[in-house]
Amino acid sequence: NRRNKTGVLAFHFIAGDKTLRYQDKIKVEVGQTLEVTGTLEPCTWGLHGCTKPNDCINYLPKSETLYVCLVRLHGNILSENDKIVASRRTVFAMANIGNVFKLWGIWCAEQALKNELKCGRTPDKRSIAAVKIARQHLAGKASLEDLSAAWSAAWSEAWSAAWSAAESAAWSEAWSAAEKKLQKMIMGLFK
């Protein structure tokens, strides 16, 4: 636990009603600074955020609509693994996340398919079809049933390819590129 006057820039995601999940469902607004007192404890008490948007994925609220906030965590700060908890959080900007996570997932899948080709392996046609149908689904040109069927058909092949990729040195490079892509996509929402 340390005191930080300047703070840490971070991302914080909220549900479509723009309220916090805890602390009496306080409405979040740009320019707002929230403050808590007491002992900070990640996932239990404090105001949270992540320095990389992909680190927030495990903590997203269950909501059809999501908003991403650019925040400054300040006051007392405690870092743990992929998240930061602070006694103060100021919201600088807020944007509807829209389909960014879905588009990012499709981009990651496309990169994996390209990487397979680059390594001299031919991607399974079911995986190629699943990525194509995912794009069509986002455009409203394929049903959820079509997407589910394509995903099921590609799953076992993709799982095997993922383990193969995870064993290679390229995995780290691919993940780093994916992190940068998501950050760029999210920051593009604030332009």
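The largest cavity in this predicted model holds about 40 Å³ of space, and the count of cavities of 30 Å³ or more comes to one. Its lining is made up of His12, Leu20, Val28, Gln32, Leu34, Cys69, Val71, Arg89 and Val91; sorted by class, these comprise six nonpolar, two polar and one charged residues. Two strands, S4 (66–80) and S5 (83–96), each contribute at least two residues to the lining of this cavity.

Strands S1 (2–15), S3 (47–49) and S5 each supply at least two residues of the pocket lining, with the largest share, four residues, coming from S1. By class, the lining of this pocket has 12 nonpolar, seven polar and three charged residues.

In the loop between S1 and strand S2 (33–35) lies Lys18, whose phi is near 60°, a positive value in a residue other than glycine; with a relative accessible area of 26%, Lys18 is partly exposed. In the loop between S2 and S3 lies Cys43, where phi is near 70°, again positive in a residue other than glycine, and here the relative accessibility of 57% means that Cys43 counts as exposed, the cut-off for that class being over 50%.

Helix H1 (residues 100–118) has 19 residues and reaches 26 Å from its first C-alpha to its last, close to the 27 Å expected at 1.5 Å a residue. The buried residues of H1 are Val100, Phe101, Trp104, Ile106, Trp107, Leu113 and Glu116, and just after the helix Gly120 takes a positive phi of about 85°. One of these buried residues, Trp107, leads on to helix H4 (residues 170–187), in which Leu182 has its place: the C-alpha atoms of Leu182 and Trp107 are separated by 9.5 Å, although the two residues are 75 residues apart along the chain. Leu182 itself has a relative accessible area of 0%, and so it is buried.

At the start of H2, a side-chain oxygen of Asp124 reaches to within 2.7 Å of the backbone nitrogen of Arg126, while after the helix comes Gly140, whose phi is positive, near 80°. Which residues of H2 are buried? They are Ser127, Ala130, Val131, Ile133 and Ala134. Because these buried residues of H2 fall within an arc of 165° when seen down the helix axis, they line one face of the helix, whereas on the other side of H2 Lys125 and Lys132 are exposed.

Methods. Residues numbered from 1 in each chain as written. Heavy atoms only, no water. 1 Å grid on protein atoms, 1.4 Å probe; cavity = no way out; pocket = protein on both sides within 12 Å on 5 of 7 lines; lining within 4 Å. Points joined across faces, edges and corners; volume = space filled by probe spheres on them. Nonpolar A, V, L, I, M, F, W, Y, C, P; charged D, E, K, R; others polar. Buried < 20%, exposed > 50% of the residue type's maximum accessible area, 1.4 Å probe, protein only. Arc of directions from axis to C-beta. Polar contact = N/O pair within 3.5 Å; in protein donor to acceptor, adjacent residues only side chain to side chain. Expected span 1.5 Å × (residues − 1).
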